[in-house]
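Please look over the sequence and the structure shown here before reading on.

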Amino acid sequence: MISIGIESTAHTFGIGITDSQGKILADCRRTIKPEKGGIHPRDTSRHHYDVAPDVLKEALGQSGLNLDQVDIVAFSRGPGLGPCLRVGATMARAIAVAHSKPLIGVNHCLAHLEIALKLTGAKDPVFLYLSGGNTQVISEAEGRYVVFGETEDIAIGNLLDVFARSAGLSFPGGPKLEELAMNEGKLIDLPYVVKGMNVSFSGLLTMVQSLMQKERLEDLAYSIQEVCFSMLLEASERAMAYLGKNELTLAGGVGANKRLREMAGKMCEERGAKFFDYAKEYYVDNGVMISWAGLEHFSSGDVLPVESSKALQKWRIEDVKIPRRL
Amino acid sequence: MSKFPEGFEPARSLYVGAEAEIWLGRWMDMVVVAKIRRSKGYRPKQLDERMIESRTIREANLIHEAKSAGIPTPFIYHVNPVTGAIIMSYIYGTPLKELLMSKHEPVLKRAGIMAGRLHEAHISHGDLTPSNMIVRDGEVVLLDFGLGEKTSELEKFAEDLNVMKRSLDSSFGEHSSTYWNEFEEGYVECGGDFAKSVLERLDEVWARGRYKRRRADD
């Protein structure tokens, strides 16, 4: 069985094609690069509209398939930016209707976790899911993903992007700060806020912005990474201890950070647990994960009627039943 | 050098948590528990030392203050902020989480009363979960104040309740709302109007975007 998956929740428009053995037949993506500022939902949705036909053509070309040979059409239904979600949803509906294929609405967060499981072979990990819009410690309980901890204010990726922007760096800020933080610098004392398995970053953001004139950017970048990642790993370790789980997996764009992955490996090693890492390109948003989760949902019978396939901007992962794993 | 404080004879490990090890043993001819915060290799040494020192001191202080407010907590015998060690009295009893796993015990109301007293004394716990409560003869003893603080912010108290609610939800599925109602009953009974204003704040916390549950309404 062959599935086409469309991703358009935020900065990236992506199309992936996979089969039920997990073979990746196509993986095409375009990410908006705003000249200044962050990701504006309207501008980003226009970017997606502009690139969508080309990305589709490219994906079909890569796979050597035409749309009639595809069995199901999956799209990222939420959570995400409304105007951006609607681009992917519209394209998915059009393909599904024109070619009489079943439509599958995929929860974007769930897709990140499912592809991580598929790629790593982890069985029952604690997930640390980190991106521009999400910062969550998640694990499975009774057939659902449960969010055990999360940010009480801004997401980690949001913190990195906003700080980078105030420092005059362009979007996405995370990778640029990662480069600046490469050499061990001076560790600046920053607010470290962990409450149970929750974290908070807004105080830290205010503080680093106020220090911008006083401290070297390299030292600030280094300190932000060390302090924030330590907080996130402490929250994850707390979840592992509380749930008695001994696997950890990262997901989401910020998860691709090399220093974070190194720290995660170290944390697991010290507590006799296993850290499951995978290729960097699947941490960030992509169509492959949507396509894959689509196959799992289809085999669980979760087909979405086109007339009620509205995008869900605030769709919580906890409201989705975990599909059957293939 | 041993990781244990001088004079402590370890008997067995009770629990290996995320940040500390809990050991049962003897010290000055008493049965005691040693809580030893472990150094974390993943974070920079400077941050590691700062976290261990500040949390050890804070925990010892808050355990003492909570006791003054009429909440059963262990007795502290020895504190070393540099090595992150606290020696305290051993509490005979069963962790609430373990107790609830096997059967429904009518102790959640009591747990709620203790949380109410704690907040009335302007202490937030920081990690208020059934794993950090020991039940002994129907009484609830509070442990693990390492993330707590002295505060008068309603928000912090609401966060405590949020952590409690979420950990009940994640561990006890269908029973969680019954458990939560009992806990809330005790909390209000103890704290009165103050408790009600914390609960109102808790509703606000839940109403904020991140906690708001929306159905997949088509």
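## The two domains of chain B

In chain B, 14 residues of domain 1 are in contact with 12 residues of domain 2. On the side of domain 1 of chain B that touches domain 2 of chain B, the residues divide by class into 7 nonpolar, 2 polar and 5 charged. The model described here is a predicted one, and the domain assignment of chain B places domain 1 at residues 9–89 and domain 2 at residues 94–207. Between the C-alpha centres of these two domains of chain B there is a distance of 22 Å.

## A three-stranded sheet in chain B

Chain B contains an open sheet of 3 strands, which follow one another in the order β6-β8-β9 with antiparallel pairing. The edges are taken by β6 (94–95) and β9 (139–142) of chain B, and because each of them has a single partner strand, one side of each is left without a neighbour in the sheet. Between β6(B) and strand β8 (residues 133–136) of chain B, which run antiparallel, there are 2 bridges, and Pro95(B) has Ile134(B) in β8(B) as its bridge partner.

## The contact between the chains

How many residues does each chain bring to the contact? Chain A supplies 30 residues and chain B supplies 25 residues. On the side of chain A that touches chain B, the elements that give two or more residues are β8 (144–150), β9 (194–195), α7 (217–243) and α8 (258–270) of chain A. Of these, α7(A) gives the most, with 9 residues, and the residues on this side of chain A comprise 14 nonpolar, 3 polar and 13 charged.

Gly132(A), by contrast, is 64 residues from Gly196(A) along the chain, and the C-alpha atoms of the two are separated by 22 Å.

## Nonpolar cores

The largest nonpolar core has 111 residues, and those with the most contacts inside it are Val73(A) and Leu232(A). The element that gives the most to this core is α7(A), with 15 residues. This core also draws at least three residues from each of two domains of chain A, namely domain 1 (2–111 + 285–319) and domain 2 (123–282).

Leaving out residues up to four places away in sequence, Leu232(A) touches Leu128(A), Leu130(A), Ile156(A) and Val199(A). Apart from the core of 111 residues lies another core, of 48 residues, which includes Val32(B), Leu62(B), Ile87(B) and Leu202(B).

Strand β2 (residues 12–19) of chain A is mostly covered, since 7 of its 8 residues are buried. With β1(A), strand β2(A) pairs in the antiparallel sense over 6 bridges, and the two are joined by a hairpin through 4 residues. In this pairing Ser3(A) stands opposite Thr18(A) in β2(A).

Strand β2(A) also pairs with strand β3 (residues 24–31) of chain A, again in the antiparallel sense, over 7 bridges, and here Gly14(A) stands opposite Arg29(A) in β3(A). The hairpin of β2(A) and β3(A) has 4 residues between the strands, and in this hairpin Gly22(A) takes a positive phi near 90°.

## Helix α2 of chain A

After α2(A) comes Ser100(A), whose phi is positive, near 50°.

The buried residues of α2(A) include Cys84(A), Leu85(A), Val87(A), Met91(A) and Ala96(A). The buried residues of this helix pack against β1 (2–7), α1 (41–63), β4 (72–78) and β5 (103–107) of chain A.

Definitions and conventions
Residues are numbered from 1 along each chain as its sequence is written. Chains are lettered from A and ligands numbered from 1 in the order in which they are written. This is a predicted model: local features need pLDDT of at least 70, side-chain atom pairs count only at pLDDT 80 or more; totals for chains, interfaces and linings use all residues. A residue is buried if 20 or more other C-beta atoms lie within 10 Å of its own, exposed if 12 or fewer, and partly exposed in between; C-beta atoms are placed from the backbone. Two residues are in contact if their C-beta atoms, placed from the backbone, lie within 7 Å. Ala, Val, Leu, Ile, Met, Phe, Trp, Tyr, Cys and Pro count as nonpolar, Asp, Glu, Lys and Arg as charged, and the others, Gly among them, as polar. A nonpolar core is a set of buried Ala, Val, Leu, Ile, Met, Phe, Trp, Tyr and Cys residues joined through C-beta atoms within 7 Å. Domain bounds come from an automatic or database domain assignment. Two strands pair if DSSP finds at least two bridges between them.
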